[in-house]
Amino acid sequence: MNQEQQLGRRERDILALERRGFSGPGAKERAIREELGLAPVRYFQLLNALLDDERALAHDPVTVNRLRRIRESRRGER
C-alpha cells in the first residue's frame with residue numbers, strides 16, 4: 001500500500017478513539033481534547049468525512065460500518 005492509500009496518524013487516532021467505550025457525560029469530549037488536541041466540533045467534522053473515505057473503511061471496517069449505520073439512522077429521524 002503506498003502512502004496515498006494509507007490513513008494519516010490523526011485519522012487512525014480518531015478511529016481508535018471511536019472503538020472505545022466511554023462512561024459518563026463529557027468523558028468522550030475530554031478524551032478528544034486531551035488525546036487528540038481537537039475541539040469536539042472539529043473532531044466530529046473530521047470523523048464524518050472519514051466515514052466517507054474508503055481508506056478508513058479498509059483500515060477499520062467494523063467501526064466505520066457501525067458509525068455509518070448510526071449516521072444513516074439519525075438522518076432518517078430528521
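Predicted model: local features only at pLDDT ≥ 70, side-chain atom pairs only at ≥ 80, totals over all residues.
**Stop 1: the whole chain.** Show everything as a cartoon. You will find 5 helices and 0 strands, running α-α-α-α-α from the N terminus on. The C-alpha trace spans about 40 × 30 × 20 Å along its principal axes. Of the 78 residues, 31% count as buried. If you display contacts between residues at least 6 apart in sequence, 44% of them join residues at least 24 apart.

**Stop 2: helix H3.** Now select residues 40-51, the 12 residues of H3. Next, show the side chains of Pro40, Tyr43, Leu46, Leu47, Leu50 and Leu51, the buried residues of H3. Look down the axis of H3: these residues fall within an arc of 140°, so they line one face of the helix.

Here is the reply to the opening question.

**Stop 3: a partly exposed residue.** Staying in helix H3, pick Gln45. Is Gln45 buried or partly exposed? Its relative accessibility is 43%, and therefore Gln45 counts as partly exposed.

**Stop 4: helix H1.** Select Ile14, Leu15, Leu17 and Glu18, the buried residues of H1. They cover an arc of only 160° around the axis, which puts them on the same side of H1. Show their surroundings and you will see them pack against H2, H3, H4 and H5.

**Stop 5: the largest pocket.** The largest pocket has a volume of about 410 Å³, and 13 residues line it. To centre your view, select Phe44, Leu47, Ile70, Arg71 and Arg74, the lining residues that lie nearest its centre. H3 and H5 are the elements that give two or more residues to this lining. Which element supplies the largest share of the lining? That is H5, with 6 residues. Colour the lining by class and you get 5 nonpolar, 1 polar and 7 charged residues.

Technical notes
Residues numbered from 1 in each chain as written. Heavy atoms only, no water. Helix = DSSP H or I, 4+ residues; strand = E, 2+ residues; numbered from the N terminus. Expected span 1.5 Å × (residues − 1). Buried < 20%, exposed > 50% of the residue type's maximum accessible area, 1.4 Å probe, protein only. Arc of directions from axis to C-beta. 1 Å grid on protein atoms, 1.4 Å probe; cavity = no way out; pocket = protein on both sides within 12 Å on 5 of 7 lines; lining within 4 Å. Points joined across faces, edges and corners; volume = space filled by probe spheres on them. Nonpolar A, V, L, I, M, F, W, Y, C, P; charged D, E, K, R; others polar. Contact = heavy atoms within 4.5 Å.
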